[in-house]
Amino acid sequence: RKYIEQSGKNKIWMLDMTESWDAIATKIHKICADLEVFISYAPGDRKVAEALRNLLLAKDYSVWTAEDNLKIGDCWNSQINKAISRCAEQGFYVLLISENSLNSQFVEKELEYATGQGAWIVPVVIGNPVLPRWLDNWLGQYFRVSEQPSRIEFENIVEMIDSVMLKKIHNISQG
């Protein structure tokens with residue numbers, strides 16, 4: 001309890017004690033592992049990012065977005081780099097790719113930094129933007145969602161993150 005209270009996160013976790021022990025244990029491991037998801041997106045994709053953020057929060061992930069974490073007066077570049085580094089170490093970097101983000105120098109710089117940090121990058125293509133050849137070749141597999149994605153479209157992404165998260169928790173507990 002003390003660890004969770006001192007985590008510095010403004011979040012309250014609820015445990016449903018009627019769930020199976022495996023479900024409860026997974027939730028406790030997820031909380032203690034402090035896995036964080038960084039969502040990189042252009043301002044024009046804020047609604048899509050918020051919808052994904054809300055689903056991840058409902059699944060007990062800590063989520064880092066600029067709107068939630070940056071304040072006026074903060075050194076934005078430093079804060080963003082710290083968050084990406086944390087997510088690279090114990091979490092995920094979700095890249096929302098759209099016409100907006102393809103024209104954003106900020107998204108490009110975040111991606112370069114995340115790649116350099118060895119982040120587990122989860123690319124999500126919004127709509128049908130024309131992807132530059134280098135990006136299409138680099139991405140390999142990616143998720144594609146509509147311009148106004150439904151919860152079901154995002155659930156596939158969260159299921160993949162959950163499966164990798166379980167492996168990360170196993171590795172953390174082994175280490």
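## Ends of helix H7

At the start of H7, the backbone nitrogen of Phe106 has a side-chain oxygen of Ser104 within 3.3 Å. Helices (H or I, at least four residues) and strands (E, at least two) are DSSP runs, numbered from the N terminus.

## Basis of the values

This is a predicted model, in which local features need pLDDT of at least 70, side-chain atom pairs count only at pLDDT 80 or more, and totals for chains, interfaces and linings use all residues. Residues are numbered from 1 along each chain as its sequence is written, and side-chain values use heavy atoms, with hydrogens and water left out.

## Length and sides of H7

Helix H7 has 13 residues (residues 105-117) and should span 18 Å at 1.5 Å a residue, the expected span being 1.5 Å times one less than the number of residues. The end C-alpha atoms of H7 are 18 Å apart, which agrees.

Val107, Glu110, Leu111 and Ala114 are the buried residues of H7 (buried: under 20% relative accessible area; exposed: over 50%; partly exposed in between; 1.4 Å probe, protein chains only). They lie on the same side of H7, because their arc around the axis is only 100 degrees, taken from the directions from the helix axis to the C-beta atoms. Gln105, Lys109, Glu112 and Gly116 are exposed on the other side of H7.

The buried residues of H7 pack against several elements, among them strand E3 (91-97) and helix H6 (99-102). Ser98 sits in the loop between E3 and H6 and is buried, with a relative accessible area of 4%. Leaving out residues up to four places away in sequence, Ser98 touches Asp45, Ile126 and Pro129 (contact: heavy atoms within 4.5 Å).

How values were computed:
Polar contact = N/O pair within 3.5 Å; in protein donor to acceptor, adjacent residues only side chain to side chain.
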